[in-house]
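Biologist: I have a model open on my screen and I'd like to learn how to read it. Could you walk me through it?

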Amino acid sequence: PFGAGSGVCGGITPGTLAWVLDLKRLDRVLALAGERGHVVVEAGMIGERLEEFLNSRGYTLGHFPSSIYCSTVGGWVATRSAGQLSSRYGKIEDMVLAVSGVDGRGEAIHAAIDDPDTGPGAVQLLVGSEGALCVITRVKLRILPLASHRFVRGVSFPTLEQGLTAMRAVL
(Lines give C-alpha, C1' and ligand atoms only; values in the text may rest on other atoms or scores of the structure.)
Protein backbone atom coordinates (compact mmCIF):
# COMPACT_ATOMS: atom_id res chain seq x y z
CA PRO A 1 0.00 0.00 0.00
CA PHE A 2 1.20 3.50 -0.91
CA GLY A 3 -0.39 6.64 0.53
CA ALA A 4 1.52 9.88 0.30
CA GLY A 5 5.05 8.49 0.24
CA SER A 6 6.20 10.05 3.49
CA GLY A 7 7.76 6.82 4.82
CA VAL A 8 11.51 6.77 5.23
CA CYS A 9 12.11 3.04 5.83
CA GLY A 10 12.16 1.85 2.22
CA GLY A 11 8.82 0.05 2.40
CA ILE A 12 7.85 1.33 -1.05
CA THR A 13 10.88 -0.24 -2.68
CA PRO A 14 9.29 -3.33 -4.24
CA GLY A 15 11.08 -6.38 -5.52
CA THR A 16 10.22 -7.91 -8.89
CA LEU A 17 7.34 -9.92 -7.39
CA ALA A 18 5.71 -7.02 -5.53
CA TRP A 19 2.78 -4.81 -6.40
CA VAL A 20 2.30 -1.25 -5.20
CA LEU A 21 -1.26 -0.07 -4.60
CA ASP A 22 -1.62 3.71 -4.77
CA LEU A 23 -4.36 4.80 -2.34
CA LYS A 24 -4.23 8.58 -2.92
CA ARG A 25 -7.69 8.70 -4.48
CA LEU A 26 -9.27 7.25 -1.33
CA ASP A 27 -9.31 10.76 0.09
CA ARG A 28 -12.81 11.51 1.36
CA VAL A 29 -14.46 12.05 4.70
CA LEU A 30 -17.37 9.58 4.55
CA ALA A 31 -19.21 10.48 7.75
CA LEU A 32 -18.91 12.93 10.60
CA ALA A 33 -20.83 12.22 13.80
CA GLY A 34 -19.47 14.93 16.06
CA GLU A 35 -22.16 14.48 18.66
CA ARG A 36 -21.12 10.82 18.94
CA GLY A 37 -17.43 11.69 18.75
CA HIS A 38 -16.28 10.00 15.57
CA VAL A 39 -15.41 10.49 11.92
CA VAL A 40 -15.15 7.90 9.13
CA VAL A 41 -12.44 8.68 6.60
CA GLU A 42 -10.83 6.92 3.65
CA ALA A 43 -7.22 5.79 4.05
CA GLY A 44 -5.72 8.12 1.44
CA MET A 45 -6.85 11.31 3.19
CA ILE A 46 -3.89 13.62 3.93
CA GLY A 47 -3.71 14.35 7.66
CA GLU A 48 -3.63 18.14 7.34
CA ARG A 49 -6.78 18.08 5.18
CA LEU A 50 -8.59 15.93 7.72
CA GLU A 51 -7.62 18.24 10.58
CA GLU A 52 -8.71 21.31 8.58
CA PHE A 53 -12.04 19.64 7.80
CA LEU A 54 -12.60 18.78 11.47
CA ASN A 55 -11.47 22.20 12.74
CA SER A 56 -13.91 23.97 10.39
CA ARG A 57 -16.70 22.04 12.11
CA GLY A 58 -15.46 22.55 15.66
CA TYR A 59 -13.60 19.25 16.18
CA THR A 60 -10.08 17.87 16.25
CA LEU A 61 -8.51 14.47 15.89
CA GLY A 62 -5.60 15.67 18.02
CA HIS A 63 -3.07 13.67 16.03
CA PHE A 64 -0.16 15.82 14.88
CA PRO A 65 2.79 13.80 13.57
CA SER A 66 5.55 15.92 12.08
CA SER A 67 4.54 14.48 8.69
CA ILE A 68 0.91 15.68 8.97
CA TYR A 69 1.26 17.76 5.77
CA CYS A 70 2.41 14.82 3.65
CA SER A 71 1.12 11.62 5.26
CA THR A 72 -2.20 9.79 5.14
CA VAL A 73 -4.62 8.52 7.74
CA GLY A 74 -4.15 4.97 6.43
CA GLY A 75 -0.39 5.33 6.78
CA TRP A 76 -0.79 6.54 10.35
CA VAL A 77 -2.91 3.52 11.23
CA ALA A 78 -0.72 1.04 9.36
CA THR A 79 2.39 2.26 11.21
CA ARG A 80 0.98 3.09 14.68
CA SER A 81 1.84 6.75 14.27
CA ALA A 82 2.51 9.11 17.17
CA GLY A 83 2.42 12.88 17.19
CA GLN A 84 3.50 15.99 19.05
CA LEU A 85 0.41 16.01 21.30
CA SER A 86 0.29 12.26 21.99
CA SER A 87 0.67 12.87 25.71
CA ARG A 88 -2.63 14.79 25.58
CA TYR A 89 -4.68 12.98 22.93
CA GLY A 90 -2.97 9.59 22.66
CA LYS A 91 -1.35 7.91 19.68
CA ILE A 92 -3.29 6.83 16.61
CA GLU A 93 -4.07 3.39 18.06
CA ASP A 94 -5.90 5.17 20.89
CA MET A 95 -8.11 6.94 18.33
CA VAL A 96 -9.03 4.03 16.04
CA LEU A 97 -12.56 2.74 16.58
CA ALA A 98 -12.81 0.60 13.43
CA VAL A 99 -10.71 -0.46 10.45
CA SER A 100 -11.92 -1.64 7.04
CA GLY A 101 -9.72 -3.08 4.34
CA VAL A 102 -9.04 -5.81 1.82
CA ASP A 103 -6.95 -8.87 2.61
CA GLY A 104 -4.54 -10.72 0.32
CA ARG A 105 -7.35 -12.86 -1.14
CA GLY A 106 -9.35 -9.79 -2.10
CA GLU A 107 -11.85 -10.28 0.73
CA ALA A 108 -13.29 -7.25 2.48
CA ILE A 109 -12.58 -7.20 6.19
CA HIS A 110 -13.88 -5.01 8.99
CA ALA A 111 -12.96 -4.87 12.66
CA ALA A 112 -14.48 -2.54 15.25
CA ILE A 113 -13.87 -2.16 18.95
CA ASP A 114 -17.61 -2.41 19.66
CA ASP A 115 -18.24 -5.40 17.37
CA PRO A 116 -18.72 -8.60 19.42
CA ASP A 117 -17.33 -10.69 16.54
CA THR A 118 -14.07 -8.76 16.17
CA GLY A 119 -13.65 -6.44 19.13
CA PRO A 120 -10.69 -4.32 20.14
CA GLY A 121 -8.22 -7.20 19.76
CA ALA A 122 -8.80 -7.49 16.02
CA VAL A 123 -8.61 -3.72 15.60
CA GLN A 124 -5.26 -3.61 17.38
CA LEU A 125 -4.01 -6.53 15.28
CA LEU A 126 -4.64 -4.52 12.10
CA VAL A 127 -3.31 -1.24 13.51
CA GLY A 128 0.42 -1.30 12.92
CA SER A 129 0.34 -4.25 10.52
CA GLU A 130 1.98 -2.12 7.79
CA GLY A 131 -0.08 -3.69 5.00
CA ALA A 132 0.93 -7.26 5.83
CA LEU A 133 -2.56 -8.33 6.94
CA CYS A 134 -4.69 -6.06 4.82
CA VAL A 135 -4.73 -2.91 2.74
CA ILE A 136 -6.52 -0.39 4.92
CA THR A 137 -9.25 1.40 2.95
CA ARG A 138 -11.18 3.29 5.64
CA VAL A 139 -10.96 4.08 9.32
CA LYS A 140 -13.38 5.23 11.99
CA LEU A 141 -11.62 7.57 14.42
CA ARG A 142 -12.49 9.15 17.75
CA ILE A 143 -12.66 12.95 17.59
CA LEU A 144 -12.97 15.62 20.27
CA PRO A 145 -14.36 19.14 20.41
CA LEU A 146 -11.83 21.73 19.32
CA ALA A 147 -10.45 23.73 22.25
CA SER A 148 -11.70 27.30 22.43
CA HIS A 149 -8.17 28.55 23.18
CA ARG A 150 -4.67 27.31 22.65
CA PHE A 151 -1.67 28.52 24.60
CA VAL A 152 1.82 27.67 23.43
CA ARG A 153 4.60 28.35 25.89
CA GLY A 154 8.22 27.39 26.28
CA VAL A 155 9.97 26.63 29.55
CA SER A 156 13.68 26.24 30.11
CA PHE A 157 15.55 24.51 32.91
CA PRO A 158 19.15 24.89 34.04
CA THR A 159 19.90 21.19 33.40
CA LEU A 160 18.52 18.33 31.37
CA GLU A 161 17.92 16.34 34.54
CA GLN A 162 15.79 19.12 36.05
CA GLY A 163 13.80 19.37 32.81
CA LEU A 164 13.15 15.62 32.75
CA THR A 165 12.11 15.65 36.40
CA ALA A 166 9.62 18.44 35.69
CA MET A 167 8.22 16.63 32.64
CA ARG A 168 7.72 13.45 34.66
CA ALA A 169 5.91 15.39 37.37
CA VAL A 170 3.60 17.06 34.87
CA LEU A 171 2.81 13.86 32.99
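**Reading the model**

Modeller: Let's start with confidence: the protein averages a pLDDT of 89, and 92% of the residues score at least 70. The pLDDT is the predictor's confidence in each residue, from 0 to 100. This is a predicted model, so local features need pLDDT of at least 70 and side-chain atom pairs count only at pLDDT 80 or more, while totals for chains, interfaces and linings use all residues. Residues are numbered from 1 along each chain as its sequence is written, and side-chain values use heavy atoms, with hydrogens and water left out.

Biologist: Which elements have the lowest and the highest mean pLDDT?

Modeller: Helix α3 (residues 86–89) has the lowest, at 82, and strand β2 (residues 38–42) the highest, at 98. Helices (H or I, at least four residues) and strands (E, at least two) are DSSP runs, numbered from the N terminus.

Biologist: How many helices and strands does the protein have?

Modeller: There are 6 helices and 7 strands. Starting at the N terminus, their order is β-β-α-β-α-α-α-β-β-α-β-β-α. The C-alpha trace spans about 55 × 40 × 30 Å along its principal axes.

Biologist: What share of the residues counts as buried?

Modeller: Buried means under 20% relative accessible area, exposed over 50%, and partly exposed in between (1.4 Å probe, protein chains only). Here, 36% of the 171 residues count as buried.

Biologist: Next, helix faces. How do I read one?

Modeller: An α-helix has 3.6 residues a turn, so residues three or four places apart point the same way. Take α1 (residues 47–55), whose buried residues are G47, L50, E51 and L54. They cover an arc of only 95° around the axis, which puts them on the same side of α1. That arc is taken from the directions from the helix axis to the C-beta atoms.

Biologist: What covers the buried residues of α1?

Modeller: The cover includes β1 (29–33), β2, β3 (59–60), α2 (73–79) and β6 (135–142). Contact here means heavy atoms within 4.5 Å.

Biologist: And which residues of α5 are buried?

Modeller: Those are G119, V123 and L126. Their arc is only 75° around the axis, which puts them on the same side of α5. The face turned away from that buried side carries the exposed residues G121 and L125. Among the elements covering the buried residues of α5 are β4 (96–102), β5 and β6.

Biologist: Now backbone angles. What should I look for?

Modeller: Most residues other than glycine have a negative phi. R80, in the loop between α2 and α3, has a positive phi near 55°. With a relative accessible area of 32%, R80 is partly exposed.

Biologist: Where is E130, and is E130 buried or exposed?

Modeller: E130 sits in the loop between α5 and β6, and its phi is also positive, near 50°. At 58% relative accessibility, E130 counts as exposed. Just after α5 there is also G128, with a positive phi of about 90°.
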